[in-house]
Amino acid sequence: MLESALHWLYTLWLFTESDVGTFVVPNTLFGIFGALSGLLLTATSSRPAPYQVLHRLPHLVAFNWLNLLIFDIANQRLPAAIAEDSLNKPWRPLPEKRITPADAETLLLWTIPLVLLASYGLGVGPESALLIALTWMYNDLGGGDKNCWARNGIIALAFAVYNAGSLKLAAGEGAIISLRGFEWIAMISAVILTTMHVQDLKDQAGDQRRERRTVPLVLGAAVARWTVVLAMAVWAVLGPFFWRMELSGFLIAGGGAAIVAVSILRGKDAKADRTSWKLWAAWTATLYALPLLKSLT
């Protein structure tokens with residue numbers, strides 16, 4: 001019994017393992033940094049204490065990971081995804097044959113209502129419902145395959161929902177996201193829209209086999225690299241400008257962008273591009289920290 005339970009828990013982890021560091025962690029940090037920024041992003045009576053925000057950390061992680069689990073099962077169960085993962089990520093549950101496609105669909109059927117119930121219990125039920133709709137559009141309607149900018153757009157919308165839900169949870173019961181908070185969430189989603197295809201650089205072999213129309217395959221890898229680098233340069237300026245920050249804010253955002261840009265432009269293989277993808281995720285987290293830094297100055 002215990003061995004079977006551990007087997008299934010590890011299988012669930014394998015569905016999400018490659019995305020935790022680049023989705024769950026940054027989205028959780030967005031909520032934490034935003035809540036600690038106080039009135040810059042939320043309409044609250046007072047800035048929550050750090051221990052209060054950290055006390056809510058399990059809720060943030062649960063919201064982000066459980067909804068990521070739905071997306072990953074829905075995505076990885078498809079025949080084209082199994083073929084792609086056999087090239088890019090052969091250790092995932094389906095290409096490794098830890099679970100069958102039929103069992104994955106059954107698991108998804110159980111996971112969706114359970115995650116919805118858990119999310120409503122946490123106070124972010126509408127956010128989870130919207131994420132499930134976006135998951136359906138991305139996977140089952142082919143939004144992630146047919147058009148590279150529709151793909152980026154769906155992901156950008158999903159990030160907005162993840163970040164809004166994370167901020168609500170971190171700020172605590174009764175907190176309301178302010179207009180400025182929604183403007184910041186929208187700006188971050190614009191960052192995602194224009195740079196998210198950095199993740200596709202590492203997956204070109206599998207995406208080509210799947211006939212997925214990603215930016216590197218449609219425009220070419222070299223053009224895709226430069227579009228990410230140039231967009232990051234713009235956002236490294238606009239992000240600190242949005243918060244009317246001093247030079248330190250521009251140095252933090254710009255310095256991080258420069259490190260990622262060098263990695264992207266020097267990338268020669270999937271391993272190097274995977275490193276760039278992780279560095280990009282870390283850079284987005286530095287953007288998420290800007291309102292907190294602003295509140296402390």
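## Helices, loops and salt bridges

Me: Let's start with a leucine: in which helix is Leu193 found?
Reply: This is a predicted model, where local features need pLDDT of at least 70, side-chain atom pairs count only at pLDDT 80 or more, and totals for chains, interfaces and linings use all residues. Residues are numbered from 1 along each chain as its sequence is written, and side-chain values use heavy atoms, leaving out hydrogens and water. Helices are DSSP runs of H or I with at least four residues (strands are E runs of at least two), numbered from the N terminus. Residues 179–195 form the helix in which Leu193 is found, helix 8.

Me: Is Leu193 buried or exposed, or in between?
Reply: Buried means under 20% relative accessible area and exposed over 50%, with partly exposed in between (1.4 Å probe, protein chains only). Leu193 has a relative accessible area of 32%, so this residue is partly exposed.

Me: What is the distance between the end C-alpha atoms of helix 7?
Reply: The expected span is 1.5 Å times one less than the number of residues. For the 24 residues of helix 7 (148–171) that gives 34 Å, which agrees with the distance in the model, 34 Å.

Me: How many of the residues of helix 7 are buried?
Reply: Helix 7 is largely enclosed by the rest of the structure.

Me: Which residue follows helix 7, with a positive phi?
Reply: The phi in question is near 100°. The residue after helix 7 is Gly172.

Me: What is the relative accessibility of Lys97?
Reply: Lys97 lies in the loop between helix 4 (79–88) and helix 5 (101–122). Its phi is positive, about 65°, although Lys97 is not a glycine. Most residues other than glycine have a negative phi. Lys97 counts as exposed because its relative accessibility is 72%.

Me: And what is the phi of Arg244?
Reply: Arg244 sits in the loop between helix 11 (221–242) and helix 12 (247–266). Here too a residue other than glycine has a positive phi, near 50°.

Me: Which residue meets Arg212 in a salt bridge at 3.5 Å?
Reply: A salt bridge is a side-chain nitrogen of Lys or Arg within 4 Å of a carboxyl oxygen of Asp or Glu. The side chains of Arg212 and Glu84 meet this way, 3.5 Å from N to O. The pair links distant parts of the chain, 128 residues apart: the loop between helix 9 (204–210) and helix 10 (215–219) holds Arg212, and helix 4 holds Glu84. Both residues are buried, and the partner of Arg212 is Glu84.

Me: By how much of a helical turn are Glu183 and Arg180 separated?
Reply: Their side chains meet in a salt bridge at 3.2 Å, N to O. Because Glu183 and Arg180 are three residues apart in helix 8, their separation is about one helical turn.
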